[in-house]
Every structure is written in C-alpha cells, then in structure tokens.
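Colleague: Please take me through the strand pairing in this model. I want one close look, with the cut-offs stated.

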Amino acid sequence: MNFRKLLPLLLSTLLISSCETDFDLNAEWKDITIVYGLLNQNDSIHYIRVQKAFLGEGNTLHMALEPDSNIYKGKLEVVMEEWSGSNRLRQIKLDTISIHEKEDGVFFNPTQPLFYTTETINPNYLYKLLITNKETDKLISSETRLINDFSITRPAANTQINFQVVGSNTRTFVWKHTPNAGRYQMILRFNYVDVNQNTGDTIPRFVDWNSQIIKVSNVSGSNDIEVSFLNETFFTMVETRVPKLDNVLRYPVNVEIIVHAAAKEFSTYIDVNEPTSSLIQEKPEYTNIENGLGIFSARYNKSSVHRLHFQTINRLMELEGYNFQWIP
C-alpha cells in the first residue's frame, strides 16, 4: 500500500462522515477540531494537519470548498513533547507551512495550511501532541509511540534474486515483526531503464506487485512475518504492466523489497474507515484524539535492494516485444 496517497483519502473520509452525521441546523455551533498526523522517524519533515469541522445552512459540499469553513486562522499553538517514561525530555514547537500541490477533491484546494517540524524524532520515546486554541483555551491532545526498526531476513542482504528457478515455484519473503506495528504490506518493485533510440533519453521506470494486507494481533511480539510469491508472477507482472514501446531499449536494474508498517492505532483507524458492503451504513467512530477527532499515530517502511540473477535477465530478454537487454 502507498501510505502518502492514503493520508488525504483517510482524512477526507473522516471529514465527510462528520459532515453527514445527523444534526439540527438550528442547534448551537460547537467547535470540533480535526487532527491528522502520522510520524515516521525516517522523514526529514513531520506534518500535522489541524482543522475544524463545520456546520451551517446550505450545501455542505459548497461549504467544504471554502477555507474559512475548515481552517483556524492564527488561533492555534501546536507542540509535541518527547517523553522517556515519566521524564519529559523536550518540547518541540511546530511552525506553519502551506502546501500548494493538493489534488482537486471535495475539500478546498490547491493550498492548505499544515503544522510541521524538522526535528529528529526517536523510536525509543513517546510523543505527545498538544494543540491549544489560544482564543478559547481549548486543549486537544493525543500521544503515540513510533514503530521500531526491523529487518528483512529473506532474501538475505546483498544477494541476487532468481525468478527463473527450475523445480521451485514459490518464493518466500520474510521480515521480523516489530513492536507497535498493527499491519504490514509488502511491495516487490522491479526497477528498469528505458532508453529512447531516437532521442537518447534515459528514463528510470518501475512496476510494483503488492501483497495482501497482513494484520497482526500480537503487537508486542517478535515473530516472523511471511509473504509467499509465485516466481512466475514476476514475469506475469512485467508482461501485464510494462508497456511495449517502439524504438526503446530496456535494461533491468534491480528489484526492491519494500515493507510498509502501520502502528496499531493507525491500523484500527483504517479498519473502521474502509469501505464496507454491509447494509448497516453507520460505522463505529474511532479516534485517539482527546477533545477532538482524527488520528495521531505512526508509520514506517523498510526496504532492501537486490540484483537480478542472470537467468532471470535471460528470461526477460526472451519476452517478445519488450526489448530487454543486458546492461552494457
């Protein structure tokens, strides 16, 4: 799964559901703060999105497009506290920034304000989020632990991968479960290069195979997580997802194993908000935001890169119309 693309989708789902809840249009307006933040110690910048739910007479879709219906203007103080046990190690004040590449959708775009910090965070510590509305003295809070690093144990580091193995149909990928992770998804990425024979342009490209979601109930364990993969699936992926192009020579580069992990709170949030075929339309509400709604949790990803065995490259070169070559 792509956790960066998932973030705005989940937020929109949360906000839409809050807008669709039955309410009395004549009822007194109530300030409801929506918070969305996923921490990853590998990120150089950590973003927190804070906005308000809205209520008013008229078309809610029209109101969603209005920034004034969604954002607080200069009223919020957002900080993260770093804790080790009962000791507060430091307080990190978040600054504001505006993003300008938000895609079109139900909510206003393309510019949206976020809170951010470039401070390094440590998976050994607990992080508390404190949001204060300076106008009303309302305090919104949450906390999360990060996802610890883990290792991909099969295939071993710096080894080649051969998908053209005689007498062996299945390949197994293995990594160690890490504390606080509630779900995983593995991506097998084939990296290759297209070289245009007419222009000389060299374009890096890739195609992905995504495993099913793996949910983990024992979030404190250290057991192995396994994904099985038919060797032939690799070549099927290439034939179905790599386009045939004229005047292009292709060079296999490597395969990358990418494991995405979501913390247990984030995993629960995804479960509650994912589409359902049930006739029961109303879903239980899940949030770990005190005095607000949303999610403050963690995600992490681990990857390993492997060269392709010459037998696999030979098989790729035999695929008609794809023009795979040995790297000169």
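Modeller: Two strands count as paired if DSSP finds at least two bridges between them. Strands are DSSP runs of E with at least two residues, numbered from the N terminus. The model is predicted, so local features need pLDDT of at least 70 and side-chain atom pairs count only at pLDDT 80 or more, while totals for chains, interfaces and linings use all residues. Residues are numbered from 1 along each chain as its sequence is written, and side-chain values use heavy atoms, with hydrogens and water left out.

Start with the open sheet. Four strands build it, in the order β4-β3-β7-β8, and they pair antiparallel. The edges are β4 (87–93) and β8 (138–145); each has a single partner strand, so one side of each lacks a neighbour in the sheet. From one strand to the next, the twist averages 20°. Axes here are lines fitted to C-alpha atoms, with angles from 0 to 180 degrees between N-to-C directions.

Within it, Glu82 has Arg90 of β4 as bridge partner.

Now β15, residues 248–263. Of its 16 residues, 14 are buried, meaning under 20% relative accessible area with a 1.4 Å probe, protein chains only (exposed is over 50%, partly exposed in between). β15 pairs with β11 (residues 181–196) in the antiparallel sense, over 15 bridges. There, Met186 has Val259 of β15 as bridge partner. β15 also pairs with β16 (residues 293–306), again antiparallel, over eight bridges. Ile258 stands opposite Ser303 of β16. In a regular strand, side chains alternate between the two faces of the sheet.
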